[in-house]
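My entries are below the structure.

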Amino acid sequence: MNFHNIDKEYILSTAKSLMEFHSPSGFCHEIIEEMKAWVNELGYEMTVNQKGCGFISIAGKSKDRVIGLSSHVDTLGAMVRSITSDGQLKFTLVGGPIVPTLDGEYCQIKTRDGKLYTGTFLSTSPAVHVFKDASSKPRDTENMAIRIDECVKSKEDVENLGIMPGDFIFIEPKTTITPSGFIKSRFIDDKGSVACLFGLMKYLKDNNLTPEYDLRIVFSVYEEVGHGSSNIPEDITELIAVDMGCIGEDLSCTEYDVSICAKDSGGPYDYNMTTTLINLAKENKLSYAVDIYPFYGSDVRAALTAGYNIKGALIGPGVHASHGMERTHYFAFENTLKLLISYITLK
């Protein structure tokens, strides 16, 4: 298959905009509203369900099947757990970030009345000139706190700023795109895949291309806490979760590949769908890998657990250092997009 007019700059700029927009699980309403406008610019319309997930319908040549493509726009994050007597913030995690990677990271605290304050995640033994255990103290939620960039010396000082337990803490993503094509950022999982789906919509428009079957694009929220696509359009017959591919011990995926997952911690994916995806990757000479993910759950699993009568598969760009300071390469985005184009145009 020939792939014409893949808009690299659009995909990369969309990915950067997504990654820099704060949207931890439970705080996705702002980014979903922004994405509505982006979808409209492409000539489509996005509706939003009660829990905040976005849905786009694209008519195909046939209604015999309805293919769903799901990526999640929610990310990892934190919330204020309590305020210490000396004016620091103890935090609780949203999702599963690798906590030691947070030591020294900048963040923002958003109050319920919309105020934003900056701060830094730090060990409670943050100075090597003072604390014997500065290097050895565990970096976990019990031994870390957030230093606020305000003149606060007590719990009352912090409360007077309007900060309270339950306020969201946004971790700075530090998104960087290098001249060599690497994307370095927190939250490539799964905003890289969201960018791929925007690239797919633009590709369909730019090439005046109609999918073979009706298409439903799902942008889920709450995936990082387990129930992202637990509500999807009822007419979907098969769902592909487009989510990050794993890289590491006993896995063959790299940052340049589209990863095809045959099984994750919830069990095998649909055999026939997975086989079709593998064959399409081979036929189109894509850089791909087939792997088993040891500690992973996807939007397909959420939909199946919710009782939907669907077949499911999982693909996505290979991402290094997941849930930490992640990295991938544009080639992984392009290989993922080409596999999606091949699948939705297959008779």
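These entries take the cores, then the salt bridges, then the pocket.

I worked from a predicted model. I looked up the largest nonpolar core and found 79 residues in it, with M35, F198, M201 and F219 having the most contacts inside. Helix 4 (residues 188-206) gives this core its largest share, 10 residues. I then listed what F198 touches beyond four places in sequence: Y10, T14, M35, W38, V39, L42 and F219. There is also a second, separate core of 22 residues, L89, I109, I146 and I148 among them.

Entry on salt bridges. I found 17 in the structure. I noted that D214 and K63 pair through their side chains at 3.0 Å, N to O. D214 is in strand 12 (residues 213-220) and K63 in strand 3 (residues 62-72), so this pair ties together parts 151 residues apart in sequence. D214 counts as buried at 5% relative accessibility, whereas K63 is exposed at 65%. I also see K63 and D214 linked with R216 and D235 in a network of salt bridges.

I looked up a local pair as well: K16 bridges to E20, with the closest N and O atoms 2.7 Å apart. Both lie in helix 1 (residues 8-20), 4 residues apart, or about one turn of the helix. K16 is partly exposed at 31%, and E20 is partly exposed at 40%.

Entry on the pocket. I recorded a volume of about 390 Å³ for the largest pocket. Its lining has 19 residues, with M244, C246, F295, Y296 and S322 nearest the centre.

Definitions and conventions: Residues are numbered from 1 along each chain as its sequence is written. This is a predicted model: local features need pLDDT of at least 70, side-chain atom pairs count only at pLDDT 80 or more; totals for chains, interfaces and linings use all residues. Side-chain values use heavy atoms; hydrogens and water are left out. On a 1 Å grid over the protein atoms alone, a cavity is a set of points where a 1.4 Å probe fits but cannot get out, and a pocket is an open set with protein on both sides within 12 Å along at least five of seven lines; lining residues have an atom within 4 Å of a point. Grid points are joined across faces, edges and corners, and a volume is the space filled by probe spheres set on the points. A nonpolar core is a set of buried Ala, Val, Leu, Ile, Met, Phe, Trp, Tyr and Cys residues joined through side-chain atoms within 4.5 Å. Buried means under 20% relative accessible area, exposed over 50%, partly exposed in between (1.4 Å probe, protein chains only). Helices (H or I, at least four residues) and strands (E, at least two) are DSSP runs, numbered from the N terminus. Contact means heavy atoms within 4.5 Å. A salt bridge is a side-chain nitrogen of Lys or Arg within 4 Å of a carboxyl oxygen of Asp or Glu.
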